[in-house]
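Dear colleague,

Here is the structure I said I would pass on. My notes on it follow below.

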Amino acid sequence: MSRVVPISSNHLTPYRLVIIIRLIILGFFLQYRCTHPVKDAYPLWLISVICEVWFALSWLLDQFPKWSPVNRKTYIDRLTMRYDRIGEPSQLAPIDVFVSTVDPLKEPPIITANTVLSILSVDYPVDKVSCYVSDDGSSMLTFESISETAEFARIWVPFCKKHDIEPRAPEFYFNQKMLFYKEMTKPSFVKEYRAMKREYEEFKVRINALVAKAQNAPEAGWKMHDGNPWPGNNHRDHPGMIQVFLGHTGGVDINGNELPRLVYVSREKRPAFPHHKKAGAMNALVRVSAVLTNGAFLLNVDCDHYFNNSKCLKEAMCFMMDPVLGKKICFVQFPQRFDGIDLHDRYANRNIVFFDINLKGLDGIQGPVYVGTGSCFNRQALYGYDPVLTEEDLEPCGYQNQDDNRMAIQLRDSTVPIFSSEDVYEDDIIEGYVDETSHMYEKNLEKRFGQSSVFIEATFMEQGGIPPPADPAILLKEAIHVISCGYEEKTQWGKEIGWIYGSVTEDILTGFKMHSRGWISTYCMPTRPAFKGSAPINLSDRLNQVLRWALGSIEILLSRHCPIWYGYDGKLKLLQRLAYINTIIYPITSIPLIAYCILPAICLLTGKFIVPEISNYASTWFILLFVSIFATGILELRWSGVSIEDWWRNEQFWVIGGTSAHLFAVFQGIMKVVAGINTNFTVTSKASEEGDDFVELYMFKWTSLLILPTTILVMNLVGIVTGISFAVTSGYPSWGPLFGKLLFATWVILHLYPFLKGLMGRKGRMPTMVIVWSILISSIFSLLWVRIDPFSSKLMNTKGPCGVDC
């Protein structure tokens with residue numbers, strides 16, 4: 001149902017050859033730099049060499065995991081022929097889809113509603129799909145908007161399936177530039193299209209009315225329609241809440257056809273218990289879904305990532321339901337694609353290099369890393385079990401029945417054996433021993449999964465589903481129990497099971513734990529993107545997003561699960577480990593990067609340089625290094641299909657993020673892990689202009705993250721002016737040494753150019769706050785300049801006192 005499509009050797013062979021050549025050149029270059037110090041600028045030279053050595057190591061960690069990139073192709077028609085034949089009951093595996101949201105005032109309910117609607121109308125058997133919405137903010141606004149969404153789904157889902165439209169999120173379908181009904185041959189479609197658009201506009205009015213109402217919260221708290229107080233008025237202290245809006249027996253559309261199940265979940269929160277943010281919410285969804293529907297596979301998306309491809313679940317099943325490959329796969333990762341980004345992608349929001357180069361490269365090793373959304377999981381992998389890789393992994397346990405020769409199956413030593421009471425036969429063993437063994441085994445399961453017999457029983461069902469005689473009332477009561485705030489106490493949740501705790505980037509840590517157990521992941525890139533979301537296109541919001549990611553990496557670096565020292569048992573491949581190490585140490589690169597960006601300004605202001613007078617031998621290695629860097633980039637773009645503009649935007653934002661958010665994350669992570677101090681960098685929103693698709697792009701929001709890049713820009717601009725002024729006054733011979741310094745400083749300014757445009761805004765005016773900082777920094781630098789006076793030794797080259805002719 002899927003196959004690997006190798007990338008042409010005509011593309012990969014030159015790419016690998018250039019990597020080897022570049023590695024050799026890099027070795028000779030660093031050997032020259034280390035053995036040729038600049039004596040009159042020794043501190044500058046030493047700093048530059050240390051930076052270059054670190055950059056070389058970072059390049060190795062980034063480049064070699066991309067040694068064997070692959071493409072994959074899926075065959076949905078083969079999946080349908082095997083598991084979903086017309087006229088027969090569908091054999092496709094049940095899937096539980098998770099949608100996570102926290103604050104409806106920051107995450108608009110209409111966007112969450114569109115995501116839910118795209119899930120409910122997905123091209124998959126309705127009795128096999130369940131949608132769980134996690135409201136971790138216990139907001140009545142979210143609850144009521146989901147209720148409205150469930151009602152609108154009764155007319156939206158049949159419309160989508162009748163006309164096979166794409167995408168099936170109404171906001172994005174109706175906003176498409178092309179009016180698809182013009183191409184339709186059925187005249188009735190135009191009438192239905194217009195009627196549905198009117199219904200959706202009315203639906204938006206109702207949602208917006210709820211939002212307007214929520215902005216004026218009463219002092220006594222919200223009340224429900226029956227007059228009782230809303231249980232979630234205190235979002236930090238409230239009971240667990242579950243509401244089934246649509247179900248497999250009670251939810252039907254306007255034509256009487258069944259709809260997928262839609263469940264609202266808000267886990268219990270109490271001040272005395274840790275909640276672990278998104279990771280805790282996802283683990284609560286794992287348990288409640290296991291009790292209510294128990295889909296064999298789980299797919300999670302953020303509330304702003306709608307299903308852009310109605311067949312994306314089948315795309316994932318082409319891997320997960322493969323008879324051989326499926327037993328090894330912990331998750332299928334889809335690339336993230338985004339709407340609403342400016343044409344030139346000023347701040348590299350699309351992350352094209354990461355999704356189309358880095359993850360594709362990892363797919364040729366042990367699989368891509370988990371990126372937090374758009375991933376389809378195997379439940380057994382989330383339960384902490386090891387994969388079944390070979391026949392040797394299947395070992396007999398328990399007691400054999402001599403008549404049937406049946407045996408229970410256990411996974412490897414690090415897991416809890418999977419067997420149930422059906423695997424034990426009274427005729428073969430002593431009754432007392434069976435009772436004692438069963439009791440011990442039950443205690444082990446409770447220590448691992450928690451005290452819920454219904455949930456533990458669900459873990460035995462590898463194919464998903466719940467026992468037929470299950471009473472819905474009992475299941476709902478048990479579902480409330482498994483989302484209680486104390487359920488995870490003294491269990492393995494967040495340690496070995498489910499989403500792993502200990503980092504704000506729980507996605508990296510969770511995927512790493514699975515790969516460490518021997519699981520593999522696959523990368524699925526369908527022609528039509530599976531999911532699309534929104535990205536913060538504003539400079540300040542983008543930097544704060546990068547800060548959160550970098551902070552999570554530092555937390556993992558300082559934890560016991562650090563890839564540098566965790567999991568050396570032969571299950572994690574070397575190149576995969578290098579990729580994970582690169583994923584967690586990249587924020588540290590900000591320190592040498594900042595030093596390297598400041599060096600050009602210092603060189604221009606002091607008249608020194610980090611490189612001695614270059615000989616023909618040295619020039620050769622410098623030229624070869626630049627050529628190899630250029631060749632590596634070109635060949636990488638060739639096999640990946642990424643455009644040079646996307647690659648350049650990625651390089652620019654690497655410098656922008658490295659000189660701002662990454663450095664803050666390093667210090668914040670150290671303070672948080674070592675000293676227990678949690679520092680938050682907040683962004684203050686300001687008014688913006690209306691009537692523009694990209695109005696937020698030009699919005700200026702002051703944040704501390706803007707200080708350091710601004711300082712670097714000012715220093716390099718002052719350095720260029722100073723260097724040129726000195727060359728003009730000193731004559732022609734001084735222009736030669738100045739050229740290298742100017743090139744160095746220009747490199748920094750070109751990389752920070754999008755940052756400068758972000759500061760200037762639409763009107764080309766730098767904000768007052770930035771002007772104040774620039775004047776302050778320039779004044780400090782001027783005072784240091786007067787005090788140090790680095791050019792005095794060149795201008796006053798006399799041994800005696802300076803006279804009239806000095």
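Arg560 and Glu496 form a salt bridge, with their closest N and O atoms 3.9 Å apart; the model is a predicted one. Arg560 sits in the loop between H16 and helix H17 (574–585), while Glu496 is in the loop between H14 and H15, so the pair ties together parts that are 64 residues apart in sequence. Arg560 is exposed, at a relative accessible area of 51%, and Glu496 is partly exposed at 22%. Through salt bridges that share partners, Glu496, Lys513, Arg517 and Arg560 are joined into one network.

In the whole structure, the search finds 28 salt bridges. One of the others is between Glu488 and Arg287, where the closest N and O atoms are 2.9 Å apart. This pair links distant parts of the chain: Glu488 belongs to the loop between helix H14 (472–482) and helix H15 (506–516), Arg287 belongs to helix H8 (residues 277–292), and the two are 201 residues apart. Both Glu488 and Arg287 are buried. A further salt bridge joins the side chains of Arg270 and Glu268, at 2.9 Å from N to O. Arg270 is partly exposed, with a relative accessible area of 26%, whereas Glu268 counts as buried at 16%.

Next, the sheet. Eight strands make up an open sheet with mixed pairing, in the order S5-S6-S4-S3-S7-S11-S9-S14. Its edge strands, strand S5 (241–246) and strand S14 (520–523), each pair on one side only. From one strand to the next, the twist averages 20°. Within the sheet, strand S9 (residues 329–333) pairs with strand S11 (residues 375–378) in the antiparallel sense, over three bridges. Val332 stands opposite Cys376 in S11.

Helix H4 (residues 109–120) lies across strand S3 (95–101), strand S4 (129–135), S5, strand S6 (261–266) and strand S7 (297–302), and runs at about 165° to S4. Helix H9 (residues 312–320) lies across S3, S4, S7, S9, S11 and S14, and its direction is at about 150° to S9.

Last, helix H16. How far apart are the end C-alpha atoms of H16? They are 27 Å apart, which agrees with the 27 Å that the 19 residues of H16 (residues 539–557) should span at 1.5 Å a residue. Of those 19 residues, 16 are buried, so H16 is largely enclosed by the rest of the structure.

Regards

Conventions:
Residues are numbered from 1 along each chain as its sequence is written. This is a predicted model: local features need pLDDT of at least 70, side-chain atom pairs count only at pLDDT 80 or more; totals for chains, interfaces and linings use all residues. Side-chain values use heavy atoms; hydrogens and water are left out. Helices (H or I, at least four residues) and strands (E, at least two) are DSSP runs, numbered from the N terminus. The expected span of a helix is 1.5 Å times one less than its number of residues. Buried means under 20% relative accessible area, exposed over 50%, partly exposed in between (1.4 Å probe, protein chains only). A salt bridge is a side-chain nitrogen of Lys or Arg within 4 Å of a carboxyl oxygen of Asp or Glu. Two strands pair if DSSP finds at least two bridges between them. Axes are lines fitted to C-alpha atoms, for helices over the stretch in contact, and angles run from 0 to 180 degrees between N-to-C directions. Contact means heavy atoms within 4.5 Å.
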